[in-house]
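Here are my notes on the model you sent over.

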Amino acid sequence: MKEKFMQKAIDLSIESVKNGGGPFGAVIVKDGEIIASSTNSVTKDNDPTAHAEVNAIRKAAAKLGRFDLSDCEIYSSCEPCPMCLGAIYWAKINTLYFANNKNDAKNIGFDDSFIYEEIEKPYELRKMKITQLMRNEALVAFKLWEQKDDKIEY
């Protein structure tokens with residue numbers, strides 16, 4: 001079964017290239033059935049977050065009516081980038097399978113190693129200018145959240 005789901009993710013990646021999208025596909029499976037699938041649509045949607053995994057997570061969460069996908073697996077045609085890996089963790093997906101690895105992606109121009117490198121640097125040494133402002137004012141929302149009795153944890 002795993003190979004069937006991975007083949008679907010790979011087929012989606014091939015289809016995506018043929019239709020003007022990026023070479024990535026993802027499938028989310030629950031109880032042995034595909035509940036969501038998607039491709040990379042960054043350039044089609046002009047959305048830098050529209051990676052296959054993120055798109056599939058959005059569809060799966062909408063279909064199930066919840067943000068906790070801990071009873072699901074994700075099959076990706078490529079090892080997820082840092083953003084997608086973060087989204088997979090936030091969705092609590094319990095298992096990740098991937099085909100191409102990050103070096104395969106790097107070899108065709110999709111190199112995300114700079115993100116991992118940047119995260120490790122202090123703010124003042126990063127390529128992007130980063131300045132913290134108004135922390136005390138922003139902490140008000142965090143304090144309200146902390147005191148909230150009916151919050152939904154995630």
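Predicted model: local features only at pLDDT ≥ 70, side-chain atom pairs only at ≥ 80, totals over all residues.

1. The protein chain holds 7 helices and 4 strands, and reading from the N terminus the order is α-β-β-α-α-β-α-β-α-α-α. The C-alpha trace covers about 50 × 40 × 25 Å along its principal axes.

2. Some totals for the chain. Of its 154 residues, 31% count as buried. The exposed surface comes to about 10400 Å², with carbon and sulfur atoms supplying 55% of it. Taking contacts with a separation of 6 or more, 49% are between residues 24 or more positions apart.

3. Which residues have the most contacts inside the largest nonpolar core? They are Ile-28, Ile-57, Ala-60, Leu-69, Ile-74 and Ile-93, in a core of 17 residues. Two or more residues each come from β1 (25-30), β2 (33-39), α3 (52-64) and β3 (72-78). Helix α3 gives the largest share, 4 residues.

4. Setting aside residues up to four places away in sequence, Ile-93 touches Ile-28, Ile-57, Leu-69, Ser-70, Cys-72, Glu-73, Ile-74 and Ile-88. There is also a second, separate core of 7 residues, and Phe-5, Met-6, Leu-12 and Tyr-75 are among them.

5. Now Asn-55, which sits in helix α3. Is this residue buried or exposed? Asn-55 has a relative accessible area of 12%, so it counts as buried. Not counting residues up to four places away in sequence, Asn-55 touches Ser-38, Thr-39, Ser-41 and Ala-50.

6. One of its members, Ile-152, is found in the segment after α7 (135-147). Ile-152 counts as exposed because its relative accessible area is 57%, and the cut-off is over 50%.

7. Two backbone angles deserve a second look. Most residues other than glycine have a negative phi. Asn-46, though not a glycine, has a positive phi of about 50°; its place is in the loop between α2 (42-45) and α3, and it is exposed at 69% relative accessible area. Met-134 also has a positive phi, near 55°. Met-134 lies in the loop between α6 (113-120) and α7 and counts as exposed, with 57% relative accessibility.

8. Last, Gly-20, in the loop between α1 (2-18) and β1. What does its accessibility make it? At 46%, Gly-20 counts as partly exposed, because that class runs between the 20% and 50% limits. Leaving aside neighbours within four places in sequence, Gly-20 is in contact with Thr-43 and Lys-44. Gly-20 and Arg-126 are 106 residues apart in sequence, and their C-alpha atoms are 33 Å apart in space.

Definitions and conventions:
Residues numbered from 1 in each chain as written. Heavy atoms only, no water. Core = buried A, V, L, I, M, F, W, Y, C linked by side-chain atoms within 4.5 Å. Buried < 20%, exposed > 50% of the residue type's maximum accessible area, 1.4 Å probe, protein only. Contact = heavy atoms within 4.5 Å. Areas by Shrake-Rupley, 256 points an atom, 1.4 Å probe, with all protein chains shown as cover.
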